[in-house]
Structures are given as C-alpha cells and as structure tokens.
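Work through the exercises below with the model open beside you. Try each task before you read its solution.

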Amino acid sequence: MKSTPLSLIAGTVALAAVTGFAAFNAPGDSAPATSASASRLPVERSSLLCPAPSDSELAETAYTSYTPAGKGTSGESAAELKETRPVTDDGTSTEKSDKSGKTDKSSKTDESGKGDKADAGNAGKTVVALKETGKPVTADADGGDAPALVGTATGALAPGWSTQQTTSVTAGSTRGLLGVSCTAPDTEFWFPGVSTAAKAQDYIHLTNPDSSAAVVDIQLFGPDGDLKADVGDGIAVPAHSSVAMLLSTLTGEAVDDATAHVTTRSGRVGAVVRGAREDSGSDWLTASADPSATVVLPGIPADATSVQLIAYAPGEDDADVEVQLVGKSATFSPAGNDTLHVKSGMTASVDLKNVTRKEPGSLRLAPVEGERATPIVAALRVVRGTGSAQEIAYIPATRPVGARASVADNRAKGSTLSLVAPGATAQVKVTASAGSEGGEQTVKSYTVKGGTTLAFTPPVPSGLKGAYALTVETESGGPVYAARTLALPEDGVQMFTVQTLPDDRGTVEVPAAVQDLTVLDD
C-alpha cells in the first residue's frame, strides 16, 4: 500500500484566490475542518465593467487604469478592457431602443436566459491595456459612440485593479463632468436617488461580461412604495454586451426621489445609473453599499449649495435613523433634520440644503438610540453652484477603505481627498502613484481624528506628467471611509464628480486545514 498526497489544499487556495471563498472538508466529514490559522493571499483574477460614456457628440472621455504595487501572484499577468459587441437586429443587440429610450420588448426573455441566444465569442477590440503595477495607463474616446467596456485582470495585475472613466460634456442635456470607477459584476444592486420625473433623464446601464445572456429584473420604489412598472422584468442582456434603459419608461408614475433595485435571474451584470437633471447637469450614480443599520456617505464638498439625502429600507421593518454630519472638527446633527423615518419598502428623502456651511463634511446614518437596528441603503445628490451654473454629483453609501483602496485619474490640479473616521482616530497612508507619462510616486501619512472629516489636496507625484492614481491604506485605529472629488471648472460652471474608495478586496482570507488529507492507494 502506498500513500499519495492530494493537491486539495493547493487547489482550494487557488480557488479562493480567484473566487474569494474557501473551505475545507475531509472525505466523509459532514462539517468543515477547523482552521489552525488563516492567511491572506492576493486574488488571481479581477473583472471590471465600464458603461457607455455618453450619447453626446461633445463628449470627451478619458480612461485611467491602475493596479497598486504589492505582493502579487506568480505567472503571467494581463489587464485589458475591451469594447462590448456591436448592436445587431437579431436579438443579440446590446440595446434595442428608439431615441426616447423605450426598449423593444423583444429583448425580453424567459427565466432560463434562453430567449435571446448570443454568441459566446469574445468582446471587441482592446481600449485600455495595463502592463505593470504602480503606474497607470490612459486612453481616450471622443463623441457619443464610445461603447461600454468589459475587462479582466490576471496575475500580479489583478489585486486592487481599478479603472476610472471620466467624461466631460460642456453643453446639452447631459452637460457635466461624469466620473465613475468601473464596477465589478454582481447579481444585486441598490440605487437610492434615481428619478422618473419629467425633468430627469436617468438611464440604467447594464453590462454583461460573460459568454451567455443575463436576465435582469428592475423594481422601482417611491415614497409610497412599489411603483407600478409596465416594463422591467426579464430584461435580456446578451453576452459581452450592454443595455441602457430610461427609467421613466419603466413606469407611468413620475417620482423625483426613488430607489431602483436591480437583480439577476441568471448570469451577472455591472449596473450603474447615469443621472441627468435639466437644471443641474449629469453624473454617474453607483450602487449603494449593501443594506446596513449604519451607513457612511463621505466627501460632501465644502461649497455644496444643496444636499439631498435619499434612503430606503428594504426589509420588513421601518427604520428610524439619526442623521449626523461628520464635520471638520466634530460630529453633530443638523438642526431640524436630526432624525429620519424610513418606512419599510418606501423611499424617504430630506433636503439638507447647504448643510456643510462652507466646511467639508460627511454624513453618517445610525439607528436612533433605543430603536431597532434596521438595514437601509442611502445616497446623496449634491449640487454646487446656483442658477444656470449648477452642477450635480452623487455620493452613495460605501464600505470602509479597509486594508487598501485606490482611485485613478487624478490631475496636477482639481483633486480633493476626503477621509472620515466616524469612530476612533485612525492613521492612514496615502500613495500618489507615478504619472502615466512620467514622475515618481509620493507617500505621505495622515491622522484622521475620530468623529471628523479630513479633506485636503492629495500629494502629487514629483515630476508628474499625465494622470496618476491615489491609494489609501489604513495603518491603525478605527475604520476610515474615503472619497475623491475631481473638479474641472468650465465657463464658470463648477463641474465636478465624486468617487468613493471602498476596500479593493485585493486579498482573500484562506483558512489553514489541520486534517490529514492523504489518500491511501492500494
């Protein structure tokens, strides 16, 4: 009899690095094995999806892709974003809609996902290709025909891979600086802050990175609950393709502050909302963090002229939350808006006006003392400027920075980094990467006092040429939340966009098995 060691441990470690999940079971055991200790390993594969930037011929779009330097995986590395497949007329189209945004119902399918069969071929030409860690690469696209992008990073380029899409539109109904950190695919998204009102043009963009069709449902909830939807169930998103739908065409009810809930019946998608208001421009709204009893919305600009809070309680219980502004030197509740009642299944909103009063701040929502801790999702719609010079941006509730988070496309001027420590004081390290066309990285450490927001002009690489990325790492203390504001004024309009910096999940915890997994062979 001889013994042959199985490669189960190695296989499980590899699976965890790719999927973010691992567990050990010995043959014949009904329960997982105990872990003597756990280690963290870098992920070996990451996916990102970027929406179609704009339909305006005046649009100028910049892509900046970046992976922070660190302990990567071995083997070959690659990180590329490619165009989604072009539109066809036979059911494999990315978007079958007229100029009003009304999607042809022939794009719908059954729950099996077989209603619209798409080629399993790869996406189109490469737009952005990253070759090394620690230095971003850039690409440009002009006009209104740039498609959505899908991409994958492997090897050393996978842990912490991020891509920023920044679009400038100087005139028209979609005027604004539209920024979005390209998102990972998932199966569920919450978007508090959307609108179906006549003055809004909110499009939800659904992008499928995989080789089979995804089937998506969209529900809308207003202040009185579920909005009657004429269309929204069984939306097919063909393989390697993208669909954009005007939310107001999904319901006959016009609601200014609503919440969209996106789920997939089959497959997975990336989902973001392009919000546009006729009086205040446009920007991207990314999904809120998963429902939680306490949420943080970081990075309200000091000169915000209007801050609208939108929240939704997806469970069976109402939520009573305390509204707290985490300011420059202290945390306090805004006068007259210290609490918010959010009914179950309904969207609540409150106009906080110029709540920051010329000082930077962040918002924290937590259960009122003595009340039930009910999970909610939330977002802010922020306006800078007045009259015809108004400009809009969105700040969704986000996860903490955690071990590390990055945001790309920072310029020599125009960036503001906001760090908030809602609990204990924290120490963080901020790295300004090398520039895309030259320059050396710069590293600085900061102390964020508990209960305050620290907003500052971030460090710039020495000898900067081109764009650069910022990486924030928590070194000690309590949790830190972060957001980057990029401001590019145009003809007196304070055009700006805000991106949050959640943990990049560049590593995964892998438990160590303590059982003997040796197999005895005859």
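A disulfide is a pair of cysteine sulfur atoms within 2.5 Å. This is a predicted model, so to speak of local features a pLDDT of at least 70 is needed, side-chain atom pairs count only at pLDDT 80 or more, and totals for chains, interfaces and linings use all residues. Residues are numbered from 1 along each chain as its sequence is written, and side-chain values use heavy atoms, with hydrogens and water left out.

**Exercise 1. The disulfide**

Task: Find which cysteines form a disulfide, and work out its handedness.

Solution. 
- Step 1. The structure holds one disulfide. Cys50 and Cys182 form it, with sulfur atoms 2.0 Å apart.
- Step 2. Look at the torsion about the S-S bond of Cys50 and Cys182. It is about 110 degrees, so the disulfide is right-handed.
- Step 3. Helices (H or I, at least four residues) and strands (E, at least two) are DSSP runs, numbered from the N terminus. Cys50 lies in strand S3 (residues 45–50), and Cys182 in the loop between strand S10 (176–181) and strand S11 (188–194), so the bond ties together parts that are 132 residues apart in sequence.
- Step 4. Check the cover. Buried means under 20% relative accessible area, exposed over 50%, partly exposed in between (1.4 Å probe, protein chains only). Cys50 has 0% and is buried. Cys182 has 8% and is buried too.

**Exercise 2. Salt bridges**

Task: Describe the salt bridge of Asp55 and Arg274, then that of Asp256 and Arg277, then that of Arg372 and Asp317.

Solution. 
- Step 1. Apply the rule: a side-chain nitrogen of Lys or Arg lies within 4 Å of a carboxyl oxygen of Asp or Glu. A search of the whole structure finds 14 salt bridges.
- Step 2. Asp55 and Arg274 meet at 3.7 Å, N to O. Asp55 is in the loop between S3 and strand S4 (60–66), Arg274 is in strand S18 (residues 270–277), and 219 residues separate them. Asp55 is partly exposed at 49%, whereas Arg274 is buried at 5%.
- Step 3. Asp256 and Arg277 meet at 3.0 Å, N to O. Asp256 is in the loop between strand S16 (241–246) and strand S17 (258–266), while Arg277 is in strand S18, 21 residues apart. Asp256 is partly exposed at 26%. Arg277 is buried at 5%. Lys199 joins in: Lys199, Asp256 and Arg277 are linked in a network of salt bridges.
- Step 4. Arg372 and Asp317 meet at 3.7 Å, N to O. Arg372 is in the loop between strand S26 (361–367) and strand S27 (377–384), and Asp317 is in the loop between strand S21 (304–312) and strand S22 (319–326), 55 residues apart. Arg372 is exposed at 55%. Asp317 is partly exposed at 32%.

**Exercise 3. The whole chain**

Task: How many helices and strands are in the protein chain, and where does pLDDT stay under 50?

Solution. 
- Step 1. The protein chain has one helix and 40 strands. Of its 522 residues, 53% count as buried.
- Step 2. pLDDT is the predictor's confidence in each residue, from 0 to 100. The chain averages 87, and 83% of the residues score at least 70.
- Step 3. pLDDT stays under 50 over residues 87–91 and over residues 93–121. Where pLDDT is low, the predicted coordinates should not be read in detail.

Note on methods
Contact means heavy atoms within 4.5 Å.
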